[in-house]
Amino acid sequence: MLQSASVARKRFATILAFICIPLSGFITDIYLPSFPAMAKDLGVSADKIQLTLTCFFMSYGVSQMFVGSLLDSLGRYRPSLISLGVLVLSSFLIGITHSVALICFLRVVQGTATAFVIVGKRAFFVDLYEGDERKHYLSYLTITWSLGPIVAPFLGGFLQQYLNWQANFYFLAIYALIMFILELAFSGETLVHKKPLELKLIRDNYAHMLSNSTFLLGIVILGLSYSVVMVFNIAGPFVIEKSFHYNSVVIGYCTLILGFSWMIGGIMSKRLINVDFNRKLVIAGFTQLTLTGMLLLTGAVMHELWWFVLFAFFIHICSGFLFTNLFTHSLVVFPQHAGLASGLMGGMVYIVTSFSSYVLSTTGRMTTAPDMSLRYVVMSAILTGAVIAVVRMRAAKTAAIA
């Protein structure tokens, strides 16, 4: 048990846990700048390459709904090691295959394996630390996670430019292999008391949570907030290369900038935590919708990449702001089942995102900036509608209590 290990080993195991957390962001985003090159090399359309991202999101989302309970029963350490091994093998296989169907299947496998690693590492801090020390480490989780979506596409742009799209997946294989070796040498099991797997109890709790309209609408808003960001992730690489005529390095820079915008939105939400909840949600929703409308209207005149990224930057800030506010709000709806609620919420958010990304990639081609701007408007309008529904529901409950 890691609890009985030396202070130095615990500290190093903690550092390893933090290094593992951005893995999901790297697996999701590192190959975004390679989308056009993959489509050309594999001889398929853009929507087939975009489907590989949707497969990962769907698998990662569904898996999170069940992984937490399995890890409470099986332990954290061995499932994490096995999953890292699976990520090594699957990443290597993606690098050597030329079958999109096989890549989609392996991305499903990677989604499940990543869920075991990430959920296990979240539980690591709860198992190993207590009180203020636990809060201290947990407060860094979201910051550490955000490094993946920020750094990964920036790195992927250079890997694509100077090597090829396969280099992204070889990098992931090396990343996972190094983590496997270090975990095997320095980490260990943190779960002291394993719990029996009670499927009926889990099912009943999930059914109870999903019957709560406030919780369910919160999940929808979280998924839609991230779906707005996915407009750029799905189509941006193709549009920047085909329409604006820039290379993969520029794609990486643009994604790096927009990654910071999401983080800024989260920081703003924490700074404005004492502002009226309903008011700030409505303002953020309508601000985003206004920005997307302005982008669509001005895009025909200002066909410049910097103009598009400038608007996308502020649009993504609004999404990050809404996401962070609703994440905290939804998580405390069921304080007595925080673990289950977190797993269900995380899984459902990725399912909503994967569904919306699938719709985005299959409802017409997104080859120009106006195509993307139109999708931004549609997703923002749906998101704003969901925000209004939540605000009205909260107002009605408040009135009923009064």
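Let me begin with a definition: a polar contact here is a pair of N or O atoms within 3.5 Å, where, within protein, one must be able to donate a hydrogen and the other to accept it. With that in mind, and remembering that what you see is a predicted model, look at helix α12, where asparagine 247 caps the N-terminal end, with a side-chain oxygen that lies 3.1 Å from the backbone nitrogen of valine 249.

Now to the domains. The domain assignment divides the protein chain into domain 1, residues 7-192, and domain 2, residues 198-401, and the centres of the two, taken over C-alpha atoms, are separated by 22 Å. Their contact draws 30 residues from domain 1 and 35 residues from domain 2.

What do the two domains bury between them? About 3000 Å², with 72% of that area on carbon and sulfur atoms. On the domain 1 side, Phe57, Met65 and Ile150 supply 22% of the area buried against domain 2, more than any other three residues.

The elements giving two or more residues to the side of domain 1 that touches domain 2 are α3, α4 and α8, and α4 provides the largest share, 14 residues. By class, that side of domain 1 has 18 nonpolar, 10 polar and 2 charged residues.

Technical notes: Residues are numbered from 1 along each chain as its sequence is written. This is a predicted model: local features need pLDDT of at least 70, side-chain atom pairs count only at pLDDT 80 or more; totals for chains, interfaces and linings use all residues. Side-chain values use heavy atoms; hydrogens and water are left out. Domain bounds come from an automatic or database domain assignment. Contact means heavy atoms within 4.5 Å. Buried area is the accessible area (1.4 Å probe) that two parts lose on being put together, summed over both. Helices (H or I, at least four residues) and strands (E, at least two) are DSSP runs, numbered from the N terminus. Ala, Val, Leu, Ile, Met, Phe, Trp, Tyr, Cys and Pro count as nonpolar, Asp, Glu, Lys and Arg as charged, and the others, Gly among them, as polar.
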